[in-house]
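I opened this notebook to record what I looked up in the structure, entry by entry.

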Amino acid sequence: MTTPLPPSGLGAVYSPTVACSSISHPPPQVKCAPIAHFTSLPCDGVGNDALRSSTPALRQGIPTSGRLLAVNSSYIAYAVKKGLVRVIDRKSADKTLLRGHSDNTRIVDAAFFGSEVIRDEGVGGLWDALSVARGGAASGGGLAPKPPSAASDVLATLGGMGDASGVIIWRIRTVNGALGADKLLQVQYPTGSRLIWHPYNPNFFFIMERNIEGASGNKAGVLVETTKLVTKRNSDNEQVCECAPNESNIPGLTPLASGEDALSGANDCTWASNDAKHILSGHDDGMVRLWNVSSPPEIACVASLPVADSDSTDDDKRVTSVRFLSQYEDSISDASKITPPFVVGTKMNFNVSLWSAFTASNPPRKLRVFGLQTEVPPALPN
């Protein structure tokens, strides 16, 4: 059963209580067999119980879009206690445990490279059409790279605050029938809260930052280009890049900073896959900011857009989620559009708004608002 959307400009409200009461016979559930049993604590954005209990600013947790579960067509990875990560091969059901983060912290984010890009039979033709529209091989220019398949064996994990390893890039592999993993790189960036992969180049990723105690201000995070990082080998012969919180001019790391005093980290970010030139970030001040990341180290905030209601309280206007709708690449038919359309979550994602694309001449328009009503008010995890 489908519910038609209201006319453009009106809001749509979903109430779980009303929806459940109208169903006399709940739909049958899909049958499944468990392959693992674990208890996962809510991702509080801190990932360090001792630090959270001793720091007043952290006791309520911080907004986070970090993922405790990473899935692609080959593997399932999920965070367990003491900084460990369990990986399961979806075909053989073999398991391995990744050790590398500090045992007094928890994982706050995990992501396989390529898992955020839709990859199916239609993407190839879409990417070829986009290549032509952007001056690709068919029109005499260079071929625009296609997004990766969803079977990547490269996994990124990010430890909680105080974790000695920070970001670890792993390669999952099977040797002599046993599932295992190699550490490709560690980036000891102590104030990161989430990692966003480049849509089709694993040598680039973005580390989102929360501007809390120990973090440097006026930036949403840093763009990492691994081929330019200066690394050294630790006692385990692993490649490590050390980054002090307030250090500047680190080779391979470019901050996304606008110079705005009000800019304090970011709660969520999304990377546009139409040409991989833009990152959109959401912030506590009710703004989303669009960044041109096509030519590091020259990175600029090219647009700031207020997306929260003007009468919202500080907590209500906080942008907690942003996503480009990359499967709707209407940039192909209109050269003035520089990003896909996008959605924004406020009020702890109880309100979701749909916006048109960024264009070269006009700001995006709010197209639709969806609201969730519940008897439990939205709040950070305790």
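Predicted model: local features only at pLDDT ≥ 70, side-chain atom pairs only at ≥ 80, totals over all residues.

Entry 1: With 6 of its 6 residues buried, β7 is largely enclosed by the rest of the structure.

I then looked up the partners of this strand. β6 and β7 run antiparallel and are joined by 5 bridges; in this pairing Ala110 stands opposite Thr157. β7 and β8 also run antiparallel, again with 5 bridges, and here Leu158 stands opposite Val167.

**Entry 2: the chain as a whole.** I recorded 4 helices and 23 strands in the protein chain. Of its 382 residues, 45% count as buried. Among contacts with a separation of 6 or more, I noted that 54% come from residues 24 or more positions apart.

Entry 3: In soluble globular proteins, nonpolar side chains tend to be buried together. The largest nonpolar core has 22 residues, of which Ile169, Val187, Trp197, Phe205, Ile207 and Leu253 touch the most other members. At least two residues of this core come from each of β6 (107–112), β7 (154–159), β8 (167–175), β9 (178–188), β10 (192–197), β11 (204–209) and β12 (219–225). The strand that gives the most is β7, with 3 residues.

Beyond four places in sequence, Leu253 touches Tyr189, Val222, Leu223, Val224, Leu229 and Cys243. I also found a second, separate core of 16 residues, which includes Ala110, Leu155, Ile168 and Ile172.

**Entry 4: Leu195.** I located Leu195 in strand β10. Its relative accessibility is 3%, so Leu195 counts as buried. Apart from neighbours within four places in sequence, Leu195 is in contact with Arg67, Asp109, Ala111, Ala156, Leu158, Val167, Ile169, Phe205 and Phe206. I also computed a distance to Cys269, which is 74 residues from Leu195 along the chain: the two C-alpha atoms are separated by 9.0 Å.

Entry 5: Rolling a probe the size of a water molecule over the atoms shows where empty space is left. My search of the whole structure gave 2 cavities of 30 Å³ or more. I examined the second largest cavity, which holds about 50 Å³ of space. Its lining consists of Leu158, Gly159, Gly160, Met161, Gly162, Asp163, Gly166, Tyr189, Pro190 and Gly192. I sorted these lining residues into 4 nonpolar, 5 polar and 1 charged.

**Entry 6: positive phi.** Most residues other than glycine have a negative phi. I looked up two residues with positive values. Asn176 has a phi near 55° and is placed in the loop between β8 and β9. Ala276 has a phi near 60° and lies in the loop between β16 (268–271) and β17 (278–282).

Is each of these residues buried or exposed? Asn176 has a relative accessible area of 81% and is exposed. Ala276, at 7%, is buried.

How values were computed. Residues numbered from 1 in each chain as written. Heavy atoms only, no water. 1 Å grid on protein atoms, 1.4 Å probe; cavity = no way out; pocket = protein on both sides within 12 Å on 5 of 7 lines; lining within 4 Å. Points joined across faces, edges and corners; volume = space filled by probe spheres on them. Nonpolar A, V, L, I, M, F, W, Y, C, P; charged D, E, K, R; others polar. Core = buried A, V, L, I, M, F, W, Y, C linked by side-chain atoms within 4.5 Å. Buried < 20%, exposed > 50% of the residue type's maximum accessible area, 1.4 Å probe, protein only. Contact = heavy atoms within 4.5 Å. Pairing = 2+ DSSP bridges.
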